[in-house]
Amino acid sequence: MRGGVAHGVVSLAFLALWLPTASGRRPSLFDSTVLARGPGGVAGGGAATGTPDRHASRPVKGACPRELPVPWKASLPLRFPPGDRGNGKIPKIVHFVFLSGHNGGEPAFTFVNFAAVASALAVIRPEVVMVHCDQEPRGALWKLLRPHVRVMKARDVTSIFGNSVRGTTHKSDVLRLEILLQHGGIYMDTDIIALRSFDPLLGFECVMGDEEMDGWGTGLNSAVTLSAPNASFVRMMYESYRDFTDWCWNCHAVVLPKKLALSNPGLVKQLPHTKFHWPSWNHAGMKLMMDSFEYDYADNYAVHMWAQELVASPYADFSMGWCYECHSTLVSMLQAYVPDPLVSVVLPCEAPDHLEAAIVGALGQTFPSWELVVVADVADGDACARTAERLLRDGGVDPDARLVRASGRPDVHGVHPNGANGVLVIELDATVATLPPDLFGRIAAVVSHGLEVQEGVYEFMNATSSLNQKGRAAAAISRWAVPCAMFSLLMAAIAPGAPA
């Protein structure tokens, strides 16, 4: 997947300056907070200082439940089970709508979005997944899934029946109905994680699930809607937009569908709230979903992660790193959707004296989705690989799972001919220092939030090296890297209590 990509070379100092911290903001030079947390919730194995971690006192709760109801693993390169056409009234086609928002530009594709689309492919096993978008998303996780979906150009919804439509939420509400009327299939919001096959539901003409909060039903939520082409109930929902006004947040997507269903119960199969939309989006629901083992999802076809509410909750910094800790039933299950390996560390063997330090640095990482690529391009390459294998085994890591023996060096474009599988490749030079223990966790945080980390080779230079000592200019790892770094420095300088 790296072929044809323009690769960047950047020092670790520049990379660390840009990667976000636990609060979701970019770090300043004065900020040592890290997002990755080690066993027991201690950041970087307890080595980091700075802002206290929200889960710093969390004990490890033994063996966390991690098995999905339908087992699958996001091993790279991604492979999904074959889909099928199904034999019900509802076509086995999954639809997602992904819009760029008010600010324009490519929309960020987050880990929640990745898990949603990947779960549809792995669990529902559709004939096709269609992603309807005004602009293709950005981010490394989107690039992993792009070959497995069909991208459809979404129209710009500015009005319906003469009524103005503003905001991506309302535009998406309209698009999903038009898509289902035309194609039929399974519409899912991009924060819906499929847990079980939808096959038992495909014999109905239309299926929706109740939404409930604090014991009160709030409506039928269209975030998951299964429909035959031109289904009568979906047509009624669409016709209801003749009276549309965008001042009401959920009237036409939640409240009105329930009213229509009560008047026309034979046109839609109404499922209880536990099938798609539980836990709920309030504070208690967020805690149950993100910070509890009290709910086991035994009754769910899918779970709604409520992405808009999640980013405004105490769990806004959720990232792939959380999936390796004991946070909750759902978060632990999502470990299966973390791309493995996310990071490939390339170890040249021309400096065997530094091999142990490099491997110890990898073993000390708080984020475990990585592989070591030992490049045996010298006479004692086999001995070097055997040393790496021994060090990994001594560190409690199965070499067969994490070690790649390779030959050759990167070409002039930075493309490795050695079969490194990671989303990002970090090439260690011959004088490498010990890797910072939170490095992979910071990379995972950036990728999780859909920020643009350029694919390719990053050079880890000695801490005493400058950007120019190797005669290379540091390439920006995203269009926002330099502006965000400068903004962080400015905010640190003017923030109350900032060091002089």
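User: What joins strand S1 (residues 93–98) to S6, and in which direction do they run?
Analyst: In this predicted model, two bridges join S1 to S6, and the strands run parallel. Pairing requires at least two bridges, so S1 and S6 count as paired. Val94 stands opposite Ile186 in S6.

User: What makes S6 and strand S9 (residues 216–227) a pair?
Analyst: Four bridges join S6 to S9. The requirement is at least two, so this pair qualifies. Here the strands run antiparallel. Gly185 has Ser227 as its bridge partner in S9.

User: Where is Asp191, and how do you know that it has no salt bridge?
Analyst: Asp191 sits in the loop between strand S6 (185–188) and strand S7 (192–194). Its nearest side chain of opposite charge is Arg176, 8.3 Å away. A salt bridge needs a distance within 4 Å, so Asp191 has none.

User: What does the side chain of Asp191 reach?
Analyst: It reaches the backbone nitrogen of Trp306 at 3.4 Å. The cut-off for a polar contact is 3.5 Å, so that distance falls within it.

User: Why is Arg176 called buried?
Analyst: Its relative accessible area is 5%. Buried means under 20%, so Arg176 qualifies. The residue belongs to helix H4.

User: What makes the approach of Arg176 to Asp189 a polar contact?
Analyst: The two side chains meet at 3.3 Å. The limit is 3.5 Å, so the pair is inside it. Arg176 touches Tyr187, Ser222 and Ala223 as well as Asp189, leaving aside residues up to four places away in sequence.

User: Why is Trp306 called buried?
Analyst: Its relative accessibility is 4%. That is under 20%, so the label is buried. Trp306 lies in the loop between S11 and H8.

User: Why is Arg125 called partly exposed?
Analyst: Its relative accessibility is 34%. Buried is under 20% and exposed is over 50%, so Arg125 falls in between. Gly395, at 43%, is partly exposed for the corresponding reason. Gly395 lies in the loop between helix H11 (381–394) and helix H12 (399–402).

User: Which peptide bond to Pro77 is cis, and what is its omega?
Analyst: The bond from Leu76 to Pro77 is cis, with omega near -5°. Pro77 is in the loop between helix H1 (12–18) and S1. The bond from Asp340 to Pro341 is cis too, with omega near 5°. Pro341 lies in the loop between H9 and strand S12 (343–348). Most peptide bonds are trans.

User: Where is the kink in helix H6 (residues 251–263)?
Analyst: It is centred on Pro257 and amounts to about 30°. Pro257 is one of the buried residues of H6, which also include His252 and Leu260. What covers the buried residues of H6 includes helix H4 (168–183), S9 and helix H5 (232–239).

User: Which elements do the buried residues of H7 pack against?
Analyst: They pack against strand S11 (302–304), helix H8 (307–310) and helix H9 (329–333). Met286 and Leu288 are among these buried residues.

Key. Residues numbered from 1 in each chain as written. Predicted model: local features only at pLDDT ≥ 70, side-chain atom pairs only at ≥ 80, totals over all residues. Heavy atoms only, no water. Buried < 20%, exposed > 50% of the residue type's maximum accessible area, 1.4 Å probe, protein only. Lys, Arg positive; Asp, Glu negative; His and termini not counted. Polar contact = N/O pair within 3.5 Å; in protein donor to acceptor, adjacent residues only side chain to side chain. Bend = angle between axes of the 7 residues up to and from the residue. Contact = heavy atoms within 4.5 Å.
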